[in-house]
Amino acid sequence: MSVGHTEVTTEVTDEVTTEVAVDPVVSCAEECGVRDVQDRLGDKWTVHVVVELAAGPRRFRELQRLVTGVSQRMLTLTLRRLERDGLVTRTVYPTAPPQVEYALTATGHSMTHLIKQLIDWSLDHRAVIGRAREEWDAKQK
């Protein structure tokens, strides 16, 4: 869907259909400077890592166990990106071997309520989305 697309797509049947113009909630017709931030939030593992860190600081191996399916490499990259963006801090303790702990910064914590809303929305709508997918898939066969 293009940025300027504001009409509801409907399937044409025997009935008369109408397209309703919908005002966008927000608009970034011009590059509004948030794309790189949104890319971080839309990354596959970011939300999972932030959810786990919302409960408190975690060590790398603990995060790896809690974030099901993430590889060591992807967890490392995700944590580095979150640290670079100022959402996570990395603390190295001078022990043998060194212990490393990750925690959300104040900025990282500030987005947890948004993630909670997204999770709640997902839970509330997953059945509807599941049915829509089944109907769509059935039409594709």
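Reader: Which residue stands opposite Thr 91 in β3?
Author: This is a predicted model, in which local features need pLDDT of at least 70 and side-chain atom pairs count only at pLDDT 80 or more, while totals for chains, interfaces and linings use all residues. Residues are numbered from 1 along each chain as its sequence is written, and side-chain values use heavy atoms, with hydrogens and water left out. Strand β2, residues 88-93, runs antiparallel to β3 and is joined to it by 6 bridges, where strands are DSSP runs of E with at least two residues and helices are runs of H or I with at least four, numbered from the N terminus. Within β3, the residue opposite Thr 91 is Glu 101.

Reader: Which residue of β3 is the bridge partner of Arg 59?
Author: Strand β1, residues 58-59, pairs with β3, residues 99-104, in the antiparallel sense over 2 bridges; two strands count as paired if DSSP finds at least two bridges between them. The partner of Arg 59 in β3 is Glu 101.

Reader: In what order do the strands of the sheet lie, and which helix packs on the sheet?
Author: Strands of a sheet pair through backbone hydrogen bonds, in either a parallel or an antiparallel way. Here the sheet is open and has 3 strands with antiparallel pairing, in the order β1-β3-β2. Its edge strands, each of which pairs on one side only, are β1 and β2. Touching β1, β2 and β3 (contact means heavy atoms within 4.5 Å), and with its direction at about 95 degrees to that of β3, the helix that packs on the sheet spans residues 46-54 and is α2.

Reader: Which residues touch the most other members of the largest nonpolar core, and which elements each supply at least two of its residues?
Author: A nonpolar core is a set of buried Ala, Val, Leu, Ile, Met, Phe, Trp, Tyr and Cys residues joined through side-chain atoms within 4.5 Å, and buried means under 20% relative accessible area, exposed over 50% and partly exposed in between, with a 1.4 Å probe and protein chains only. Of the 18 residues in the largest such core, those touching the most other members are Val 49, Leu 53, Leu 75, Leu 79 and Tyr 102. At least two residues of this core come from each of α2, α3 (60-66), α4 (72-84) and β3.

Reader: Is Arg 58 buried or exposed?
Author: Arg 58 lies in strand β1, and its contacts beyond four places in sequence include Leu 53, Leu 63, Val 100 and Tyr 102. Its side chain and that of Glu 62 are joined by a polar contact of 3.0 Å, a polar contact being a pair of N or O atoms within 3.5 Å, where within protein one must be able to donate a hydrogen and the other to accept it, and residues adjacent in sequence count only if both atoms are side-chain atoms. Because its relative accessible area is 16%, Arg 58 counts as buried.

Reader: At about what angle do α2 and helix α6 pack?
Author: Two packed helices are described by the angle between their axes and by the distance between those axes. Axes are lines fitted to C-alpha atoms, for helices over the stretch in contact, and angles run from 0 to 180 degrees between N-to-C directions. For α2 and α6, which covers residues 112-140, the axes are 10 Å apart and the angle is about 115 degrees.

Reader: Which residues of α6 make the contact with α2?
Author: On the side of α2, the contact is made by Val 47, Val 50, Val 51 and Ala 54. On the side of α6, the residues are Thr 112, Ile 115 and Ile 119.

Reader: Why does Asp 43 count as buried?
Author: Asp 43 is found in the loop between α1 (35-42) and α2, and a polar atom of its side chain lies 2.9 Å from the backbone nitrogen of Thr 46. Beyond four places in sequence, Asp 43 touches Thr 78 and Arg 81. Asp 43 counts as buried because its relative accessibility is 15%.

Reader: Is Lys 44 buried or exposed?
Author: Lys 44 is also found in the loop between α1 and α2. Since its relative accessible area is 62%, Lys 44 is exposed.
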